Amino acid sequence: SWRVFRMKIYYNAEKLQKITEDFSNITGLDIEIVDSEYNIIADCYKGCDFCQTIQNDREVKKRCYCSDMELFTLCRESYRLETHVCHAGLTDMAVPIKKNNLLLGYILFGRIRSTENFSDIYDRISWTNYDYEMLNQEFLKLKYYNETQIESIANVATAITAYILSESMLNEEYNSMTNQIIACIDNNLTLDLSVDFLCRELNISKNILYEHFHSSFHCTVNEYICLKRLEKAKQLLIETDFSVSDIAEMSGIRNYTYFFKLMKEHEGITPQQYRKKYSERRTKGQMYKME
């Protein structure tokens, strides 16, 4: 599975809280900003009688949590905005907050009513045995959003992530040398990267290089380089039509067999299957439609 490098995160809680409140006031939706380990940094909830009622059932509450984790996983794997319909029939979205190909956190927003009739989603929660008419009334209290409106909301949320980063409201806490190491690797992914190469380019000793990786990423230099190349390859598989062999080379993975092995090891599927998986998700309109 996709790996998040462990790092220290610093953030401006006051400004992030203001953004969540502004977004919620404009859209009427619940929103929260979490770090890469799903710790809440800022949030704003409007309250939802429908969700509060069904979550009185412990099993429903558990399913709500699992639904959020499923959405985070989709977002983490694709490295882009993801949408899904939760177990109770409401639409949720997650947007990754990323910098230098590192995942800093997510914006999660939802409880979106994307269908007009409660009967369309009742089968999802009929097992709870709650009164149909009561749930119907609470469901209809939720504001209905059509596909165009949901797409606009998603675009605004994506723009907010760029604003958060531009204003340094959420950032990784590295020293200047670690930042230089990251930039050197990012700018030379297609070259024959090695410890010796990095030490020459940065004019540092191997011991200093190892120390920075141990303290900042808790992994080896080669592990970091490998995963950065894999992230680049996955992005190209989703966003371009280049052949798999070309993508491997463009990502600095010169051996196609090794690329195949990496994808199977980290994603559980082949490069072709990975591309097909996310291509089908887009063409089916799963980003803005009910399943």
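**View 1. N146 sits at the start of helix α6.** A side-chain oxygen of N146 comes to within 3.1 Å of the backbone nitrogen of T148, at the start of α6. This is a polar contact (a pair of N or O atoms within 3.5 Å; within protein, one must be able to donate a hydrogen and the other to accept it, and residues adjacent in sequence count only if both atoms are side-chain atoms). The model is predicted: local features need pLDDT of at least 70, side-chain atom pairs count only at pLDDT 80 or more, and totals for chains, interfaces and linings use all residues. Residues are numbered from 1 along each chain as its sequence is written, and side-chain values use heavy atoms, with hydrogens and water left out.

**View 2. The length of α6 agrees with its residue count.** Helix α6 covers residues 147-166. Its 20 residues should span 28 Å at 1.5 Å a residue; the expected span is 1.5 Å times one less than the number of residues. The end C-alpha atoms of α6 are 29 Å apart. Just after α6, S168 has a positive phi of about 55°.

**View 3. Buried residues line one face of α6.** I150, I153, A154, A157, I160, T161 and I164 are buried (under 20% relative accessible area; exposed is over 50%, partly exposed in between; 1.4 Å probe, protein chains only). Seen down the axis of α6, these residues fall within an arc of 110°, so they line one face. The arc is that of the directions from the helix axis to the C-beta atoms. T148 and S166, on the other side of α6, are exposed.

**View 4. T20 is buried in helix α1.** Helix α1 (residues 13-27) holds T20. Its relative accessibility is 0%. A polar atom of the T20 side chain lies 2.7 Å from the backbone oxygen of Q17. Leaving out residues up to four places away in sequence, T20 touches I31, I33, A42, D43 and C44 (heavy atoms within 4.5 Å).

Terms used:
Helices (H or I, at least four residues) and strands (E, at least two) are DSSP runs, numbered from the N terminus.
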